[in-house]
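Please find below a note prepared for your review. The structure should be read alongside it.

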Amino acid sequence: MTLLRLERVTAHYGHLQALDELSLSLDEGATLAVIGANGAGKSTLLSLVSGELRPSQGRVYLNDEDITKVEPYRRVNLGIALVPEGRHLFSTLTVEENLLVGAASRRQGRWNIDAVYDVFPFIKQRRNVRAALLSGGEQQAVAIGRALMSNPALLLLDEVSLGLAPVIVRDLYVALRQVTEGGTTLLLVEQDLTEALNIASHVLCLLEGRVALSGSPQDLDQTQVVNAYFGRHAAPPEANSPS
Amino acid sequence: MMVWINAIVQGLLLGGLYALFSCGLSLMFGVMRFVNLAHGDFAVLSAYVAYVLVEHLGGTPLWTFAIVIPASALVGFMLQRLLLDRALIGGELSPLLVTFGLSILIENLLQQGFGANNESLFVGSLSYDSWKINNSIYLGRLQVIVFGIAVLLIASLQLFLSRSRPGRNMRATADNRRAASLSGVNERRVRATATAIALATVAVGGLFLAMRTSFTPTSGSNDLIFAFEAVIIGGLGNLWGTLLGGLILGVAQTVGSQINPADGILAGHLVFLAILAYRPQGIIASRYAVS
Amino acid sequence: MLFEATNIVKRIDSLVIADGISLAVPAGSVVGLIGPNGAGKTTMLGVLSGDVRCDAGTISLDGRTITKTNASQRARLGIGRTYQIPRPFKGLTVFEHALLAVQQTRHVTRDEANALAVSAIERCGLAKLINVLGGDLRLLDRKRLEMARAVALNPKVILLDEVAGGLSDFEVNELIEIVNALRDEGTAFLWVEHVVRALTATADHVMCLYAGSIIAQGSPDEVLEHPAVIESYFGSPAFMKEGA
């Protein structure tokens, strides 16, 4: 069953083109890792799905419903939750309050505050601590937990490993694996390719706003991925009409 | 000696009224960084509405609370949704300009409708009844009621913010707007609720002020200044701070008056300036305001 | 050696951008600088252009030490620079931009300034847009304008800061053509870039910056296949298990 579909989306930030007629299809229960160099369009892709950015062309479908024009907070109601890059916790609220705000959409499901503490036990003892005082790894856990509280069908993760020690990143991905086992579909953007390719059932490599490579990790080899990432052996395309 | 104690006591009671005026301003600023220059005018507007209601339906003005307060909340909600939300899109100057225009509009409409006379809401003996403590200290009944309601209101608001679900969503929106919307919080509703609360509380302040002294179409601007001063003295975005700010301002004014009857208000301004100069974040540097 | 930096040390708070980095740009060559996000490439560029002071090390141009000069002095000496996000003046024409760039840096006669401006504009492919206002330019032309402003001073070396970002495929090709043409005329380039494809098509020599040092350098292909570079970008030199 296709959960998410992007149909030839083009996205701009002002004059800058960030995505160029990109299409993708994500099945329920899958875990898609989106990789690519800086500026390749990974975060833009997440913004289109979360609703923070509107495409200049193309459409976004969730369960075959056109959500292209739906605002971010309403997409949470529909089952899309984003863990933004840099975590963006409510720094003056406590851990528990942060998690409770995540339930603002009142969606039902297996995720409630106890379930979140089960998956991230080390934040339970910090439940009444203000978020600003947490370590980086704890903050990331709270950010993920907060998104889980809305019982998303599709969980979007933007660079969860950023700024964190490898040991902590490993723990976070162990937790994320538990999330996928529960049936949640994951779409993650990640610089740490080792972890990303480990958890992913599918990989998408973006280059200059377009798909350079797509497939499942077992079907791809390292050279293919590196070349797609750097855009090597990509024949310069015949002159497209300039924008 | 007693005279000074009385001045302080009266100042505290006055401060309660100022706190009533300011908590709405503080809330709006805390939640959406919005400075509402028409804030004082809404207080005066509520007073005029009460005035008209009493004119036509008689009785003591006290019953008008039941109509004016909910009506103010509704007006606040709609005002935010229909007008002020758009002002926020325009950048930092836009809300100031829009609410400035609103202020002028309200004041002029009131002037057209009611002329420039001083009006007042007569509450009979309540305006002058007092409890005598000793020969120098009298506690006006109305003043004590206002103080009590101010403290109760601020405590309730604080409870609302810290314990309730919509209150928590409001704090979250004030803290990190983007994250709030990504968590599913309906920002528009949060903002409209904040403005509804702001206008309802300032209406309470306006009605009580009208009972305590007189009002004119333009007295809202004056009230606005005191409300600002209370908020700044106490610390932006913290309700208990706003209460404290109101109390400090009230005491400054009454003690100043005691020194020289003409200088009461000036004393308040001087204290305000001193705070701006030496502790601009306010007495209680806010836990809620985020840089 | 035309442009050289030796043993550059630069720290920002606790982050080590450069811990004794040396690099060299020979005349008429294009040298690329890559590295994972956050490695400090733009800061390094700033050290070379004079916008940022280094903590230690020397920088020389044509054998002359210029470490203590600032950005505008270096511009006069022949080091041009483009900035990552082009911000043209909305109300000035393309010509006026180039003219301004010349007049701010050189004392030349009006006729000489005009000639330099026009020449730069032509060499960067903006001849047809010479009277268009800066605000009306699309992204690729804004980047051309950035180049023209640097080129107008006839610099010996131009420092490019991620100039290919945000361009479509076709536009990147146009950009590559301009750089190659300028290089053929004798201008040297030091090019910090994320869009690696642009470097593989122009650079003679590529360096990879990571954790304060140049972890690999050589031809573009050599660098992109180097295990240390792969590790810096992907987390491990063998980040995909065989038959996982």
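1. Conventions. This is a predicted model, in which local features need pLDDT of at least 70 and side-chain atom pairs count only at pLDDT 80 or more, while totals for chains, interfaces and linings use all residues. Residues are numbered from 1 along each chain as its sequence is written, and chains are lettered from A and ligands numbered from 1 in the order in which they are written.

2. Overall form of chain A. Nine helices and ten strands make up the secondary structure of chain A (DSSP runs numbered from the N terminus: helices are H or I of at least four residues, strands E of at least two). Its radius of gyration is 18 Å, close to the 18 Å that the globule rule gives for 243 residues, so chain A is as compact as a globular protein of that length (the radius is taken over C-alpha atoms; the rule is 2.2 Å times the number of residues to the power 0.38). Along the principal axes, the C-alpha atoms of chain A fill a box of roughly 60 × 35 × 35 Å.

3. Burial in chain A. Of the 243 residues in chain A, 51% are buried (20 or more other C-beta atoms within 10 Å of the residue's own, with C-beta atoms placed from the backbone). Helix α9 (residues 222–230) of chain A has as its buried residues A:Val225, A:Val226, A:Ala228, A:Tyr229 and A:Phe230. Their cover includes β3 (31–36), β9 (202–207) and β10 (210–215) of chain A, together with α7, α8 (220–225) and α9 of chain C. After α9(A) comes A:Gly231, with a positive phi near 70°.

4. Contact between chains C and A. Chain C contributes 25 residues and chain A 28 residues (residues are in contact if their C-beta atoms, placed from the backbone, lie within 7 Å). On the side of chain C that touches chain A, α6(C) gives the largest share, four residues.

5. A sheet of chain C. Four strands form an open sheet in the order β2-β1-β4-β5 (chain C), with antiparallel pairing (strands pair if DSSP finds at least two bridges between them). β2 (15–25) and β5 (64–65) of chain C stand at the edges with a single partner strand each, so one side of each is left without a neighbour in the sheet. Strand β1 (residues 3–12) of chain C is joined to β2(C) by eight bridges and runs antiparallel to it; C:Lys10 stands opposite C:Ala18 in β2(C).

Key: Contact = placed C-beta atoms within 7 Å. Buried ≥ 20, exposed ≤ 12 C-beta atoms within 10 Å, placed from the backbone.
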